[in-house]
Amino acid sequence: MIENSKLTVIGAGAVGSSVAYAALIRGSARHITLYDIAAEKTEAEVLDLAHGTLFTGSSEIDGGSDIAVAEGSHVVVITAGAKQRPGQTRVELAATNAKIMGSLVPQVLEVAPRAIIVVVTNPCDVLTMLAQEISGLPPERIFASGTVLDSSRLRWEIARRAHVSPASVHTHIIGEHGDTEFPLWSAARIGSVPILDWQQDGKPLFTQDELDELAVDVRDAAYKVIQGKGATNYAIGLSSARIVEAILRDENAVLNVAPVLSDFHGIDGVALSVPSIVNSTGAHPILETPFSAQELGKLRSSAEALMAVADDLRG
């Protein structure tokens, strides 16, 4: 566990402020810093958070509009960028946010050269690929938050229908954090029971068709939230804080984050969410993760879709 740990959140918008808020309440890091070029907005968010520290743990919160506030950070979570508009796909954000990422990452590494960087800005997978190239960091040290939140959404929905705790549902959303993501149904369990074998009132609760419909609902959940309130922020704040904790506490937790893969079932050079061991050195994909033939085909299709977007951005 890292002593006197420091987390910097870049971006004081709805998502960044929610990451800082969740991390403060959960005690994810000893020191939490919020950075944004909008000085007045950043100061206001920091003050609002600081005013509540009597009711949190021992964490401290500060921030500002100078990147120097990130100095010495152990983890940097990047949320800065243009936000997703109603009806807009994550990939459509890519060109604008790629420019922002290209400017930010070198600045971060100047003041926090040993930091592990978690990319939350969408499309997080593509931006991670470009940021890793720009930075020259080993892939385990810069990765996307990926489908940690998507997997939480799926587990919550299955748990709600099965009347169990979400912690008792074991399933993963794999691939792009977006339109080509898919569940790893072949490994899905409720407790130790394969999901298609789970029964309620003496009958199987789920059919394969129902599970596939559920996967579509989960994939499109963010669009529904954005349509209703303009942004998704609370759940991504909580899931990002969870990733930070796995790093700072050296947990060796298995989370579906998205580092740039190397020879993962033959896939190279693309950031995809796969089960990965997350600890104080970063994110390490579990190469032994099993896939059915159909699932492996979906994973490769997801990789091809993201690589095409990245290639377009490279020019």
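Which exposed residues does the face of α6 turned away from its buried side carry? That face carries Asp 209 and Glu 213, where exposed stands for over 50% relative accessible area, buried for under 20% and partly exposed for values in between, with a 1.4 Å probe and protein chains only. The structure is a predicted model, in which local features need pLDDT of at least 70 and side-chain atom pairs count only at pLDDT 80 or more, while totals for chains, interfaces and linings use all residues. Residues are numbered from 1 along each chain as its sequence is written, and side-chain values use heavy atoms, with hydrogens and water left out.

Helices (H or I, at least four residues) and strands (E, at least two) are DSSP runs numbered from the N terminus. Helix α6 comprises the 12 residues 208-219, which at 1.5 Å a residue should span 16 Å, and the 17 Å between its end C-alpha atoms agrees with this; the expected span is 1.5 Å times one less than the number of residues. Within α6, the residues Leu 211, Leu 214, Ala 215 and Val 218 are buried. They cover an arc of only 105 degrees around the axis, which puts them on the same side of α6, the arc being that of the directions from the helix axis to the C-beta atoms. The elements covering the buried residues of α6 include α5 (148-162), β8 (173-174), β9 (182-183) and α7 (221-229).

A nonpolar core is taken as a set of buried Ala, Val, Leu, Ile, Met, Phe, Trp, Tyr and Cys residues joined through side-chain atoms within 4.5 Å. The largest such core has 47 residues, of which Ile 10, Ile 78, Ile 117, Leu 272 and Leu 299 touch the most other members. Its largest share, eight residues, comes from α3. A second, separate core of 34 residues includes Val 77, Ile 116, Val 244 and Ala 246.

With contact defined as heavy atoms within 4.5 Å, and with neighbours within four places in sequence left aside, the contacts of Leu 272 include Val 257, Pro 259, Ile 267 and Leu 299. Pro 275 lies in the loop between β14 (253-255) and β15 (276-279), and it counts as buried because its relative accessibility is 5%. The C-alpha atoms of Pro 275 and Ile 174 are separated by 8.0 Å, although these residues are 101 apart along the chain. Beyond its neighbours within four places in sequence, Pro 275 is in contact with residues including His 172, Ile 174, Val 254 and Thr 289.
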